[in-house]
Every structure is written in structure tokens, then in C-alpha cells.
Amino acid sequence: MFHSLLVMASRNLTADQFALVEFKDRILDPQNILTNNWTVSSSVCNWVGVSCGVIHGRVTALSLPNMNLTGVIPPHLGNLSFLLSLDLSGNYFYGHLPEELGQLHRLRHIDLSFNGFNGEIPSSIGKCLKLQSLVLYYNEFSGIIPRSIGNLTRLKNLDLGPNNLEGEIPEEIGNLLSLEVLFLQHVKGLTGRIPTSIFNISSLVRITFSNNSLSGNLPDDLCHHLPKLRGLYLLVCTLRAIDIFGNNLDGNLPTMTNVPNLWRLLVWGNKLSGNIPNSITNASMLEILDLGDNFFSGLIPNTLGNLRHLEVLQVANNHLTTESASHEWSFLSSLANCKNLSRIELSANPLNGVLPTYVGNLSTSLQNFLAMDCELKGSIPMEIGNLSGLLLLELGNNALSGIIPTSIGRLQNLQGLSLSSNKLEGPISESICGLERLYALYLGSNKLHGSILSCLGDLTSLRYLHLNSNNLSSAMPLTLWKLKDVLELDLSSNYLNNSHALDVGDLRSLLHLNLSRNLLTGNISSSFGGLQTLVELDLSANRFHGHIPGSLGGLISLEFLDLSNNNLSGVIPLSLEKLSYLHYFNVSFNRLEGEIPTKGCFPNFSSKSFMENYALCGPPRLLVPPCKGNIHKISNKNRLHALRYGLPAIETFTKKKPTDQLFAEEMTIRHWTKRSLSKGMIDIADDDLLRREDKYFVVKANCISSILELALDCSAELPEERRDMKDVVIELKKIKQRFLNSIQHV
């Protein structure tokens with residue numbers, strides 16, 4: 001008898017060895033571990049990754065994680081009939097799983113995560129009735145979740161995402177009454193409702209359904225049968241956590257009962273609606289509450305302060321409001337009881353009202369306070385300076401008025417301050433210069449006036465400085481050009497001037513520079529050409545003159561360049577043809593001349609980029625005259641001087657500018673003037689120069705008409721059609737004499 005048992009064991013061991021050899025023959029082993037170790041001269045029980053039972057000597061475990069193995073699983077693996085555990089995670093296995101895996105009736109653990117398996121999950125897996133853990137995380141499985149999984153009643157851990165599965169979650173999963181962890185996240189093909197039977201599995205600790213395409217609403221008694229629930233993510237339902245974020249779930253948030261251990265509730269990114277239930281405070285251990293990006297309405301409960309362990313409150317992007325009578329954010333008063341609170345995000349809700357003074361009573365552990373686009377009114381309370389732990393304060397896109405409180409300077413840890421798009425007045429508070437850790441400062445689109453503080457140049461941590469669209473009127477401080485690590489600088493739409501050339505050569509990290517719509521003068525510094533990281537440069541609508549520096553051809557990263565509406569002269573440098581990433585270019589409304597470059601990025605630009613200049617020439621599609629010979633060597637410079645008289649004369653007597661909205665590509669100020677002259681001077685001349693009740697109306701009208709006719713001759717598109725400047729001077733003297741003679745005879 002004993003001899004026969006030995007023979008049987010030997011035969012079975014040989015079967016196990018055969019199955020493993022077949023497995024080895026179908027994989028690539030770049031480190032030759034299996035090649036050198038799995039040899040027939042040694043027992044399989046001594047092979048790397050193989051474990052055997054003590055009594056029967058059969059293979060009970062195959063564990064080869066993270067060994068860079070590549071290949072497929074052969075059906076022979078189903079002959080390892082004593083196998084309890086199979087771990088091939090973190091490799092490069094691919095292909096279909098063989099149905100023969102269903103023969104492993106003793107199997108308790110399968111981990112095939114982080115591989116490239118594809119095809120359907122074999123339904124035969126439902127025959128492995130002793131299975132406790134099935135982990136197929138991060139593969140490429142497709143098809144539906146097999147209903148046979150519902151037979152695995154001993155299963156504690158089921159992880160099927162991310163994969164390419166589709167269809168609905170089978171109701172049979174509700175049969176897994178021992179289940180503790182259920183992961184079905186990042187499976188975009190999953191649709192339909194979450195089976196209510198899942199929420200009857202009282203053993204569940206963590207459920208994750210995040211980033212799927214699930215729909216429907218949640219059961220009202222969601223948490224009643226889940227006493228062990230610690231995490232509820234209703235974007236992904238994670239049960240120790242339920243994660244259900246990033247789906248299409250609708251309806252109301254269920255009443256929170258019987259959840260004494262819940263510490264995280266995440267339901268962001270769904271279509272949940274209705275009020276935030278007061279019962280949420282029954283989750284007394286809650287630390288993270290994220291209800292953002294839904295359709296919740298009504299009031300933010302004043303009882304949230306009962307969540308004494310709360311660290312994160314996120315309710316942004318909903319339809320939440322405040323009590324219309326007081327207009328105060330009374331819920332903030334209760335949140336003062338949450339001593340561990342580190343983040344409050346309320347942005348994009350029509351909360352209306354004012355920011356109360358007791359905002360200063362919030363925890364000093366608060367690091368982030370975000371209330372952008374909340375219809376806030378009134379002033380920023382001085383008590384905001386009590387929040388000494390703040391790293392980020394965002395109050396932009398509201399209707400806040402008054403001045404920036406000096407108490408801001410007490411927020412010594414502050415890294416981000418956004419107060420843009422409000423109605424703030426007064427000067428920029430000098431207290432801001434004391435915020436040495438400040439990384440981003442956004443004060444644009446307000447009514448701030450006065451000077452730009454030179455001490456802002458001492459904030460060496462600053463990377464983003466936006467002061468655009470205010471009423472700032474100082475000279476631009478030279479200290480700003482010391483911010484060598486700044487990434488974005490936007491000072492546009494102010495009244496800033498410059499006493500010196502803009503020496504920007506030290507801004508070697510700069511990505512975006514916008515100085516448009518100011519009163520900047522002088523030449524454009526050649527130092528701009530050294531900003532090789534620059535992506536956007538806007539100097540439009542200033543008073544720059546001189547030539548466009550050829551050094552701008554060194555801006556190898558540039559995508560946007562606007563120099564329009566200045567007094568620039570000379571030619572467009574050919575070096576700009578080297579800007580291979582440039583997709584927006586505008587030099588319109590200047591005094592440029594010569595041939596428009598034709599290579600590199602320039603064939604992509606339209607006539608709008610070059611309109612209303614003195615003497616540019618090029619292809620007909622750009623609506624400029626053709627170039628004749630070498631346009632840069634026009635012998636008769638007097639015609640160029642005549643051009644420089646013509647357009648300014650039209651602007652002076654009509655009190656209109658080429659940039660007015662009246663003028664577009666097909667109707668320039670010159671075309672409008674020529675057409676309007678035929679209708680009579682009263683329709684074109686400036687009202688301050690010509691009034692019908694004026695005693696000398698006819699005489700003045702004739703004089704202005706003659707001047708404008710001459711101006712039109714001086715500003716003809718083709719240089720050879722323009723009047724010679726000597727002739728212009730003679731004609732002006734004649735017009736003057738006719739005017740004086742006519743006055744004497746009236």
C-alpha cells in the first residue's frame with residue numbers, strides 16, 4: 001500500500017512538473033531565472049516561485065510577480081489540481097485566460113494585475129468555489145462581467161478595474177455575502193444602475209465605482225446595511241470607502257444612518273440633486289466630504305460643524321445658496337468647531353451675500369479657502385488675516401468692493417492670492433510685499449489705481465503676476481525685471497509708462513508677457529530676443545516706435561506675437577521666418593514698409609496681420625500692393641514723407657482712428673474718408689472743427705475738404721501714386737491762402 005502511494009505521488013508530481021514546463025515553454029524570461037532554475041534535474045518544489053504541500057508534496061502556489069516575464073498562460077496550468085494561490089502580477093502576460101482555470105477547485109487567490117491579458121473573463125472562473133480573492137486590475141479584459149462570479153460566495157476581494165469591460169454590473173454580485181472590497185473603477189463601458197443587492201452585503205468595507213458610465217440613483221437606505229463602511233465615494237463608491245465619482249448617478253443623496261465609522265464620502269462628478277441632508281452629520285468620524293460637481297441646491301447645512309474631525313469640505317460647482325434675509329454665510333460659523341479643517345472649496349455656487357467677519361474664527365490649520373464665482377459682495381473683512389495657516393486664498397470672479405485689507409500681510413505662509421475680476425479699489429496694499437512665499441498673485445480686472453509697487457520685485461518666489469485691467473498709472477518699476485523665475489507677467493490695459501527701455505533680458509524662464517494697452521514708448525529693446533522660453537508676447541496698443549528688432553527671431557518657442565497699434569517703422573525682419581511655432585502674428589496699424597516675408601510661418605497669416613501700414617508690399621491675398629524691384633531702395637523718399645503726412649491728417653480732421661470698430665478689413669479709414677467726402681463735409685469732419693451754425697461754415701468746409709483730398713493723395717496704396725512732399729507743401733500753402741482770402745469776403 002505504501003509503495004502504491006509513493007508511485008501515485010510520483011505520478012502526480014510528474015503531472016505538476018509537466019504543466020509547469022509547458023508554462024515555461026510559452027514565456028520569455030529575459031533574466032533567465034526560470035531557464036536556469038526550472039530544470040528537470042531538481043524537484044519542482046525547489047523551483048523559484050513554486051511552493052508544495054508538506055503532506056502530499058503537490059504544487060500549492062505559483063508566485064512570479066514583477067519578473068519581466070512575457071507570454072501566455074497555457075491550458076495545462078489547469079492541471080495543477082492542488083493549487084491554492086496563483087500570482088503572476090506585474091509582468092507582460094497577454095492573450096486569453098484558458099477556461100481550464102475553472103478546474104482549480106482548491107484555488108483561493110488569483111492575482112493577475114498589471115499585465116496585458118485580453119478577451120473575456122472566462123465564465124468557468126465561477127467553478128472555483130473556494131476563491132477568496134480575484135484581482136484582475138489593470139489589464140485589457142473585454143466583454144461583460146460573467147454572472148458566474150456570483151457563485152463565489154467565499155470571495156472577499158474582487159478587483160476588476162481598470163479594464164475594457166462593458167455592459168451592466170450583474171445582480172449576482174449581490175450573492176457575495178462575504179465580500180469586503182469591491183473595485184470596479186475606470187471601466188467606461190460599465191453602464192446602467194448599480195444593483196441594489198450590493199448594498200445588502202453587510203461585510204463590505206470598501207466599494208469603488210469611480211469613473212464609469214453608471215446611471216440611476218442611489219438607494220435611500222444605502223448605508224443602513226453597511227455597518228462596517230468607512231469610505232463612501234459616490235463617484236466611485238469605495239466601501240471602507242464607497243467611490244462613485246465620475247459617473248452619471250442622479251437623484252438625492254441618501255439619508256446617512258448607521259455610519260459611525262465612515263471617514264470619507266466622495267460623490268463628486270455625478271448628477272445628484274436636492275438638498276445636502278442634515279443627516280450627513282451622523283457620520284461623526286467623517287474627515288473628507290466631497291460633493292462637488294453635482295446639482296445640489298438649497299442651503300449648506302449649519303450643522304456641518306458637528307463633524308469635528310472634518311479636514312476637507314468640497315461643495316464647488318453646485319447650485320447652493322444662502323439665506324436671503326441675512327445674506328451671511330452662517331455655515332462658516334459652525335465650521336469654526338472643525339479644528340482640523342485644512343480645505344474649504346465653495347467656488348461656482350450662487351451663494352450671494354457677504355463674507356462674514358467670523359471667517360477669521362476658522363481653524364488656523366486651514367490651508368486652502370476657495371470661493372471664486374460665488375456672487376460675493378461687500379468688502380473683504382480684516383479678520384481674514386487671522387487665518388495664519390493659509391496657503392491659497394481664491395476670491396476671484398465676485399463683486400467684492402473696497403480696498404485690499406492690510407491684514408493680508410499677516411498671512412506669512414500664503415503662496416497663492418487670487419482677487420481678480422472684482423470691484424476692488426484703492427492702491428495695491430504694500431502689505432503684500434511681505435508675503436515672501438507668494439507664488440501667484442492675481443489682481444487683474446479690478447479698479448485698483450496708483451503705482452505698481454517696486455517692492456513686488458523682491459518677491460523672488462513669484463511665478464505668476466497678473467495686474468491687468470486696472471487703473472494703474474505709474475512708471476513701470478525696474479525691479480520687476482529682476483523676477484528672473486517669473487513665468488507669467490500680465491500688466492495689460494492700464495496707464496503704465498516707462499522712463500527707461502524695457503530691459504527684460506533676465507527673465508529667462510518667462511512664458512507669457514502681456515504689456516498691451518498701456519502708454520509705453522521708445523524702441524522695443526533687443527533684449528526681448530533672449531527670452532527663448534517665451535510663448536506669448538503682446539506689446540500692442542502702446543506708443544513704441546523705431547524698428548522691430550531682428551533679435552525677435554531668437555524667440556524659438558514663440559506662438560503668439562502682437563505688435564499692432566504702435567508707431568513702428570522700417571521693415572518686418574526676415575529673422576521672424578525662423579519662428580516655426582508662431583501661429584498668431586499682428587503688426588497692423590503701424591508705419592511699416594517693405595516686402596512682407598514669405599517663408600516659414602508667414603504663408604499662414606492673413607491680411608489682418610498687416611493692414612493699415614505705410615508701405616508694405618507682397619502677394620495680392622494680403623491686400624497690399626505688389627512689390628516692384630527692391631522696395632527697400634525707393635529713390636523718392638519724399639513720397640514716403642508724404643505718406644507720413646496723409647494718414648495723421650485724416651485722423652486729425654475726422655477725429656477717428658484706424659482702430660475704431662467702424663473700420664474692418666474691407667473698410668479702412670482711408671476708404672471711409674474717400675467715400676464720405678462725396679456726401680458732404682458735415683458727415684465727416686470733427687464736430688469741434690465744423691458746425692453748421694458757424695458763420696464761416698462754407699469756407700471751413702471747403703478748406704477741410706481740400707486738406708482731406710490732399711491727405712488721400714498722400715496715402716495712396718502704391719508709392720508711385722503718392723504726391724511728392726514738395727508738391728504737398730506748395731498745395732498746403734495754396735489752401736491756406738484761399739482760406740484767408742475767403743474769410744475776408746464773408
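## Disulfides, strands and cores: worked exercises

The torsion about the S-S bond of C617 and C627 is about 100°, so this disulfide (a pair of cysteine sulfur atoms within 2.5 Å) is right-handed. The chain positions of the pair are 10 residues apart: C617 sits in strand 43 (residues 615-617), while C627 is in the loop between strand 43 and helix 4 (637-654). Helices (H or I, at least four residues) and strands (E, at least two) are DSSP runs, numbered from the N terminus.

Some ground rules before we go on. This is a predicted model, with local features needing pLDDT of at least 70, side-chain atom pairs counting only at pLDDT 80 or more, and totals for chains, interfaces and linings using all residues. Residues are numbered from 1 along each chain as its sequence is written, and side-chain values use heavy atoms, with hydrogens and water left out.

**Exercise 1. Find how far apart the sulfur atoms of C617 and C627 are, and decide whether each cysteine is buried or partly exposed.**

Step 1: go for the sulfurs; S to S comes out at 1.9 Å.

Step 2: apply the accessibility classes, where buried means under 20% relative accessible area, exposed over 50%, and partly exposed in between (1.4 Å probe, protein chains only).

Step 3: C617 has 2% relative accessibility, so C617 is buried. C627 has 26%, so C627 is partly exposed.

**Exercise 2. How many disulfides are there, and what pattern do they follow?**

Step 1: run the sulfur cut-off over the chain and you get three disulfides. As a reminder, a disulfide is a covalent bond between the sulfur atoms of two cysteines.

Step 2: another of the pairs is C45 with C52, whose sulfur atoms are 2.2 Å apart. The S-S torsion here is about -100°, so the disulfide of C45 and C52 is left-handed. C45 has a relative accessible area of 27% and is partly exposed; C52, at 21%, is partly exposed too.

Step 3: C433 and C455 also pair up, with sulfur atoms 1.9 Å apart. Their torsion is about 65°, so the C433 and C455 disulfide is right-handed. C433 is in the loop between strand 29 (416-418) and strand 30 (440-442), and C455 is in the loop between strand 31 (449-450) and strand 32 (464-466), so the pair ties together parts that are 22 residues apart in sequence. C433 counts as buried, at 15%.

Step 4: count the bonded cysteines along the chain, and the pattern reads 1-2, 3-4, 5-6.

**Exercise 3. Work out which strands join to strand 19 (residues 248-252), and how they run.**

Step 1: the pairing rule is that DSSP finds at least two bridges between two strands.

Step 2: strand 16 (residues 215-217) is joined to strand 19 by three bridges, and the two run parallel. In this pairing, S215 stands opposite N248.

Step 3: strand 21 (residues 271-274) also has three bridges to strand 19, again running parallel. Here D250 is opposite K271.

**Exercise 4. Which residues have the most contacts inside the largest nonpolar core?**

Step 1: define the set. A nonpolar core is made of buried Ala, Val, Leu, Ile, Met, Phe, Trp, Tyr and Cys residues joined through side-chain atoms within 4.5 Å.

Step 2: the largest core has 174 residues, and F369 and I432 are those with the most contacts inside it. Helix 1 (2-24), strand 3 (59-63) and helix 3 (331-335) are the elements giving this core two or more residues.

Step 3: look around F369, skipping neighbours within four places in sequence. Its contacts (heavy atoms within 4.5 Å) include L332, I344, L355, L390 and E394.

**Exercise 5. Check the span of helix 6 (residues 697-714) against the expected value.**

Step 1: the expected span is 1.5 Å times one less than the number of residues.

Step 2: helix 6 has 18 residues, and it reaches 26 Å from first C-alpha to last, close to the expected 26 Å.

Step 3: for its buried side, list residues including F697, I704, I707, L710 and C714.
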